Amino acid sequence: MRKLNYILAMFFVVCLFPKLSAQKTVTVSRVGDLLSQFVSNQTVVLKPGEYVLSGSKEYFSELVEYQYCYDGYELHVKNLKNFTLKSEGGAKETHLLTHPVNGCVIVFENCENITIEGFKAGHGPESGQCMGGVFKFVHCTNVVVNDCVLYGSGAEGITCEGVSQMTMSNSVIEECTYSIMCLMNTANVTFSKCKFRYNQE
């Protein structure tokens, strides 16, 4: 009887665990749909187009909120695990944009296993002096940025505070207002096949 119970238990683990652990994949084409899909254990694919992420303080969920940043609201994503945000058409066709010059395009806080792939991202439509960067990671673990173009205006392309393990590959940081990046209390950072060009100061 004990052997039979063991066999049944192993059957349950082998057959059902992959279904429980697999990432779900969804495809979206609007900012409103994107905001509702910041969910752990999920891959979100964005259709080609421009996505203005500097929204309204009215949007709020358990994992997503907008925080005021002097001249508008920036998008904050918190406590997210095993999440991938990727574009269907690559950086030439998919643009993540924010209008407040003092806000970041996306801020990830207390997140784990985050991948961002295939985007052009920065501030617009006008360029100029600003205080907000492009992608900011605060107390995150295992961050991957791949095949992206991060540009200014945007004070800097990457901001990391208390991050453990970040990899950036096949990406460009260009024309940022103040610096390429800022890494504070951050360890195990790797850059592979990246270009840093025309950044100021």
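In the predicted model, the side chain of glutamate 65 makes a polar contact of 2.5 Å with the side chain of lysine 78. Glutamate 65 has a further polar partner. Its side chain is joined to that of glutamine 67 by a polar contact of 2.9 Å. Glutamate 65 belongs to strand S4, which covers residues 64-68. The relative accessibility of glutamate 65 is 17%. Buried means under 20%, so glutamate 65 falls in the buried class.

The secondary structure consists of two helices and 19 strands. Contacts between residues at least 6 apart in sequence were also examined. Of these, 58% link residues at least 24 apart. The accessible surface of the chain amounts to about 10,400 Å². Carbon and sulfur atoms account for 52% of that surface.

Aromatic pairing was searched for across the whole structure, and four pairs were found. One of them is formed by phenylalanine 108 and phenylalanine 137. Their ring centres are 5.6 Å apart. The ring planes meet at 10 degrees, so the pair is classed as stacked. Phenylalanine 108 lies in strand S8 (residues 106-109), and phenylalanine 137 lies in strand S11 (residues 135-138). The pair therefore ties together parts of the chain that are 29 residues apart in sequence. Phenylalanine 108 and phenylalanine 137 are both buried.

Valine 143 is part of strand S12, residues 141-146. Its relative accessible area is 1%, so valine 143 is buried. Valine 143 and serine 164 are 21 residues apart along the chain. Their C-alpha atoms are separated by 8.2 Å.

A charged group was also found over an aromatic ring. The ring belongs to tyrosine 151, and the charge to lysine 120. The charged end of lysine 120 is 5.4 Å from the centre of the tyrosine 151 ring.

Notes: Residues numbered from 1 in each chain as written. Predicted model: local features only at pLDDT ≥ 70, side-chain atom pairs only at ≥ 80, totals over all residues. Heavy atoms only, no water. Helix = DSSP H or I, 4+ residues; strand = E, 2+ residues; numbered from the N terminus. Contact = heavy atoms within 4.5 Å. Areas by Shrake-Rupley, 256 points an atom, 1.4 Å probe, with all protein chains shown as cover. Buried < 20%, exposed > 50% of the residue type's maximum accessible area, 1.4 Å probe, protein only. Polar contact = N/O pair within 3.5 Å; in protein donor to acceptor, adjacent residues only side chain to side chain. Phe/Tyr/Trp six-rings, centres within 6.5 Å; stacked < 30°, edge-to-face > 60°. Lys NZ or Arg CZ within 6 Å of the ring centre and 35° of its normal.
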